[in-house]
Each structure stands twice: as C-alpha cells, then as structure tokens.
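Have a look at the sequence and the fold before reading on.

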Amino acid sequence: YKMETCDALPLHSDSYTSYRELFGVTAEQMFRAIVFLEDWKSGHYFEIDSQPLMPWRAGDWVYWNNDVPHYAGNFGAEPRYTMQITGHV
C-alpha cells in the first residue's frame, strides 16, 4: 500500500465487508497484519489500540483482530509503503 504525502486514515476498526461476503466468514474470524516495507521516516505514523508504533524498521509487522481501533498518516516528504495481509481463521 502506497500512502502519499498528506494522506491519512482516520481512527477506525475494520469491517472487511467484501472479504466476509466472499469467504462466508464473520468479522470475529478476521485479522489483518501490516508489514512495514521500509524503515520509518519522519512524518510517517501508525497507531493501534492507542499505542503509536515508531520508529519501525523494514520487516517489522503488527497484527490485530477486526475490532481493534487504529489509524495511519503520512505527513512526511516521501511515500509510506506497507503490505497489508488480510485473512481469517
């Protein structure tokens, strides 16, 4: 996922509507992981469950269930790159 400068995802929890319909699963069965593809840069931000995650290193990751609030932003000078992994148990 490429997050451009001045992009922001406000505080939210994931609903996975399309994924749930496609695979016939409930939100409680869902999870998401984010893998940071580059080292943290000034202005890049990620927070989950009221805990900021900075600075990160390329390859660091975080995992959560559907109802965990989180948000992200890029207020730096360069794009912010992550890989999202969505799945279910």
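Predicted model: local features only at pLDDT ≥ 70, side-chain atom pairs only at ≥ 80, totals over all residues.

Residues are numbered from 1 along each chain as its sequence is written, and side-chain values use heavy atoms, with hydrogens and water left out.

**The sheet**
- Four strands make an open sheet in the order β1-β8-β3-β6, with antiparallel pairing; strands are DSSP runs (E, at least two residues), numbered from the N terminus, and two of them pair if DSSP finds at least two bridges between them.
- At the edges sit β1 (2-3) and β6 (61-65), each pairing on one side only.
- Seven bridges link β3 (residues 30-36) with β8 (residues 80-88) in the antiparallel sense.
- M30 has H88 in β8 as its bridge partner.

- Most residues other than glycine have a negative phi, and most peptide bonds are trans.
- Look at M54 and P55, though: a cis peptide bond joins them, with omega about -10 degrees.
- P55 lies in the loop between β5 (51-52) and β6.
- C6 isn't a glycine, yet its phi is positive, about 75 degrees.
- You'll find C6 in the loop between β1 and β2 (8-12), and at 62% relative accessibility C6 counts as exposed (over 50% relative accessible area, 1.4 Å probe, protein chains only).
- S50, another residue other than glycine, has a positive phi near 65 degrees.
- S50 sits in the loop between β4 (44-48) and β5 and is exposed, with a relative accessible area of 60%.

Conventions: Buried < 20%, exposed > 50% of the residue type's maximum accessible area, 1.4 Å probe, protein only.
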